Amino acid sequence: MAYSHTLQSHLYSVYFAPRGYARMAELGMQIASQYLSPFDQLIGIIGEAGSGKSILVKGMFPGLELTNDDEGVNVRPLPLLDINPTAFYSAHTYHLDIRFESAFTQMHELADAIKNALSLGKRVVVEHFDLIYPILERNADILIGVGQEVVITRPNLFGPEPGDIAEAVFKSIEYRKRAHTAEDLVEIFVQQSYHGTFLHRDVRHGFIMAFPERPDIDIKEIEEEVRKLIAQDLPVSYVDETHVMIGDHRHYCTGPRIHVRSTGEIKTFTLIDEMPYDPKRDEYLLVGMVGESWKTTGKNLNKLLMVDMPE
């Protein structure tokens, strides 16, 4: 295979995993542009259900027919199992979700189908790649893990193994769900007193709301109100692609599948007392954190911005 020197030297890249569908699709486009080679045949995607793997794939491969469509329209039979090597017209890129397909097809059959497609020069995008790897006995040309961060790596003979990526992203995805649910709770109270527009940004183990001017809000009061909702352990459920239900409140959300099941699962929550000003973007930032309490001005939160890879 002919790889550029840049791809040969690539080990890890780490991005925040956005919580909105549009932002995740845009990240997929960026990953395809910067890291995908025309010679890559096997792309492995790893992450929990609801982490945004499928929308990332859609961003990387616009127009690709996903066989585990979230709307419930599943492609049957699985096209990968029925590739005609003599057909003049056939797809070049195939998709399958190992966890989903294992309910219909034996794992060794899926592994054989992947090997057959690769031998015919096809490209195969495999979600839950870590599940098929022990049987496939061939690592992906590029591995992408989706947890709190999106990790992109080009493994070689010495790793990383899919299990390494799985361990890291499975451990971190809960922070992303907790932070997103906390973000929605904060948004409910912010919108009661601030009626302008604001943007959503990311920080490790938390979230950022970016305002074009300093909003007239009481940070401590909002923090206490959110903590009350956390203590009530209200159910959080998916409604549709743009809404979640938090208790009896229907809330607009662009990433409705990326939440904890109830507000009590957020556990510890903190809003940073001061709203730091970002001179680069001319924005005031409201920063929320989940997990341990953060005694900080918010200027060193990303010093830990490295994916938690196992030793």
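**View 1. Aspartate 202 is a buried residue with a charged partner**. Aspartate 202 has a relative accessible area of 16%, and buried means under 20% relative accessible area, exposed over 50%, and partly exposed in between (1.4 Å probe, protein chains only). This is a predicted model, in which local features need pLDDT of at least 70, side-chain atom pairs count only at pLDDT 80 or more, and totals for chains, interfaces and linings use all residues. Residues are numbered from 1 along each chain as its sequence is written, and side-chain values use heavy atoms, with hydrogens and water left out. Aspartate 202 forms a salt bridge with arginine 23, with 2.5 Å between the closest N and O atoms; a salt bridge is a side-chain nitrogen of Lys or Arg within 4 Å of a carboxyl oxygen of Asp or Glu. Why does the pair tie together parts that are 179 residues apart in sequence? Because aspartate 202 lies in strand β7 (residues 199–203), while arginine 23 lies in helix α2 (residues 21–35). Helices (H or I, at least four residues) and strands (E, at least two) are DSSP runs, numbered from the N terminus. Arginine 23 itself is partly exposed, at 27% relative accessible area.

**View 2. Arginine 227 and glutamate 224 pair within helix α8**. Here the closest N and O atoms of the salt bridge are 3.5 Å apart. The two residues are three apart in helix α8 (residues 219–232), so about one helical turn separates them. Arginine 227 is partly exposed at 33%, and glutamate 224 is partly exposed too, at 39%.

**View 3. Glutamate 265 meets arginine 261**. Their side chains form a salt bridge with an N to O distance of 3.2 Å. Glutamate 265 is partly exposed, with a relative accessible area of 23%, whereas arginine 261 is exposed, at 65%. Elsewhere, salt bridges with shared partners join Lys220, Glu223, Glu224, Arg227 and Asp273 into one network. How many salt bridges does the structure hold? There are 16.

**View 4. Helix α6 has its buried residues on one face**. Which residues of α6 (residues 129–136) are buried? They are Phe129, Asp130, Ile132 and Leu136. Looking down the axis of α6, these residues fall within an arc of 160°, so they line one face of the helix; the arc is that of the directions from the helix axis to the C-beta atoms. Among the elements covering them are β2 (42–47), α5 (107–119) and α7 (162–193).

Terms used
Contact = heavy atoms within 4.5 Å.
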